[in-house]
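Visitor: I would like to learn how to read a few features of a model. Where do we start?

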Amino acid sequence: MTSDVWLPLPADGIEGLPEGPRYLFWDGGEEYPADPADCAFYVVPYMKGPEIAVRPLAAMTSVRVIQTLSAGIDHVTPALGTLPAGVRLCNAKGVHEASTAELTLALILASLRGIPGFVTGQQREEWRSGFYPALADKSVLIVGYGSIGEAIEDRLAPFECARVVRVARSARTTERGAVHAFTGLPQLLPDADVVILSTPLTEGTRGLAGAEFLARMKDGALLVNVARGAVVDTKALLAETESGRIRAALDVTDPEPLPAGHPLWHAPGVLISPHVGGSTSAFLPRAQRLLAGQLTRFAAGEEPRNIVLTTG
């Protein structure tokens with residue numbers, strides 16, 4: 001049985017890899033390290049884009065596990081139809097929660113407290129004192145309450161928010177309280193001071209924050225997107241931010257990377273970070289631990305963790 005494993009990280013830097021498989025390094029280069037048909041476990045290159053991610057898949061006729069190093073899998077799913085039945089697609093749950101939640105709080109606090117204006121003021125030697133919004137006493141709505149949404153709420157806890165409301169694809173109850181279904185958004189949006197998008201990109205969430213969604217947000221509210229750029233309708237967002245009615249803090253955009261000259265760069269009240277929610281010093285050690293654990297299970301003939309879907 002084939003046992004080639006394609007890794008985008010050097011195998012000698014991953015402590016705890018099991019013996020047996022042949023570990024091959026491929027991080028998206030033009031040349032493949034071996035015949036893709038012999039690959040049994042494929043770890044998708046991180047942050048290299050969908051074209052590179054799916055390039056070898058059609059030739060991977062023996063692959064049994066595809067492991068992303070991202071929380072999202074939307075860059076891989078369009079090519080899954082080329083694969084045989086029974087292939088497990090796993091995401092990187094446990095790798096990005098802390099870093100993405102950190103950046104979410106940084107974007108919220110920077111936007112509310114006027115940090116971008118202070119940076120500009122420092123560059124111009126201007127003392128921009130005044131009163132600014134606080135996160136304390138604000139109502140926060142988290143749209144997409146998976147492991148990242150939970151990590152965001154963990155970090156919101158000390159900030160004395162008036163309330164944190166949770167929304168996911170389907171309603172459920174957690175230790176922290178109720179999670180509402182997406183169908184409840186029209187009633188929940190008007191009460192939120194901060195709306196955080198942390199949902200996966202699916203056909204159901206593409207364009208979720210469109211004109212109607214944004215129109216239901218209260219005047220002066222802040223939209224924070226740490227999900228995927230296409231969850232937000234950029235044209236609708238520009239209409240709302242250019243009018244000054246709402247503000248936005250975006251780690252992801254549509255298009256992405258945001259090209260020079262795009263109006264979103266200079267839209268009033270918009271803070272942009274270049275999709276760095278997960279790419280921090282916390283990434284590598286957590287990714288290495290994930291891969292060691294997944295490959296240990298694979299070598300032992302056990303089911304991997306974090307299975308998102310199985311081809312059929």
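Guide: We start with exposure. Buried means under 20% relative accessible area, exposed means over 50%, and partly exposed lies in between. Keep in mind that this is a predicted model.

Visitor: Is Glu 242 buried, exposed or partly exposed?

Guide: Glu 242 has a relative accessible area of 47%, so it counts as partly exposed. This residue is found in helix α7, residues 234-242.

Visitor: What does Glu 242 contact, beyond its neighbours within four places in sequence?

Guide: Pro 263 and Pro 268. Glu 242 and His 266 are 24 residues apart in sequence, and their C-alpha atoms are 9.3 Å apart in space.

Visitor: Now take Ser 111. Is it buried or exposed?

Guide: Ser 111 has a relative accessible area of 13%, so it is buried. It is found in helix α2. Setting aside residues up to four places away in sequence, Ser 111 touches Leu 222, Arg 247, Ala 249 and Leu 271.

Visitor: How should I describe two packed helices?

Guide: Use the angle between their axes and the distance between the axes. Here, take α2 (residues 97-113) and α4 (residues 147-156): their axes come within 8 Å and cross at roughly 50°. The two helices are therefore oblique to each other. The crossing of α2 past α4 is right-handed.

Visitor: Which residues make that contact?

Guide: From α2 come Glu 97, Ala 98, Thr 100, Ala 101, Glu 102, Thr 104 and Leu 105. From α4 come Ser 147, Ile 148, Ala 151, Ile 152, Arg 155 and Leu 156. By type, the residues of this contact divide into seven nonpolar, three polar and three charged.

Visitor: Which residues of α4 are buried?

Guide: Ile 148, Gly 149, Ala 151, Ile 152, Glu 153 and Leu 156. These buried residues pack against α2, and also against β6 (139-143), β7 (163-168) and β10 (194-197).

Visitor: Let us step back to the whole chain. How many helices and strands does it have?

Guide: The protein chain has eight helices and 14 strands. Its C-alpha trace spans about 65 × 45 × 35 Å along the principal axes.

Visitor: What does the radius of gyration tell me?

Guide: A compact globule of 312 residues would have a radius of gyration near 20 Å; the protein chain has 21 Å, which agrees. Buried residues make up 50% of the 312 residues.

Visitor: And contacts across the sequence?

Guide: Count the contacts with a separation of 6 or more: residues 24 or more positions apart account for 62% of them.

Methods: Residues are numbered from 1 along each chain as its sequence is written. This is a predicted model: local features need pLDDT of at least 70, side-chain atom pairs count only at pLDDT 80 or more; totals for chains, interfaces and linings use all residues. Side-chain values use heavy atoms; hydrogens and water are left out. Axes are lines fitted to C-alpha atoms, for helices over the stretch in contact, and angles run from 0 to 180 degrees between N-to-C directions. Helices (H or I, at least four residues) and strands (E, at least two) are DSSP runs, numbered from the N terminus. Angles under 35 degrees count as roughly parallel, over 145 as roughly antiparallel, 65 to 115 as roughly perpendicular and the rest as oblique. A crossing is left-handed if the near helix is turned anticlockwise from the far one by less than a right angle, and right-handed if clockwise. Contact means heavy atoms within 4.5 Å. Ala, Val, Leu, Ile, Met, Phe, Trp, Tyr, Cys and Pro count as nonpolar, Asp, Glu, Lys and Arg as charged, and the others, Gly among them, as polar. The radius of gyration is taken over C-alpha atoms; the globule rule is 2.2 Å times the number of residues to the power 0.38. Buried means under 20% relative accessible area, exposed over 50%, partly exposed in between (1.4 Å probe, protein chains only).
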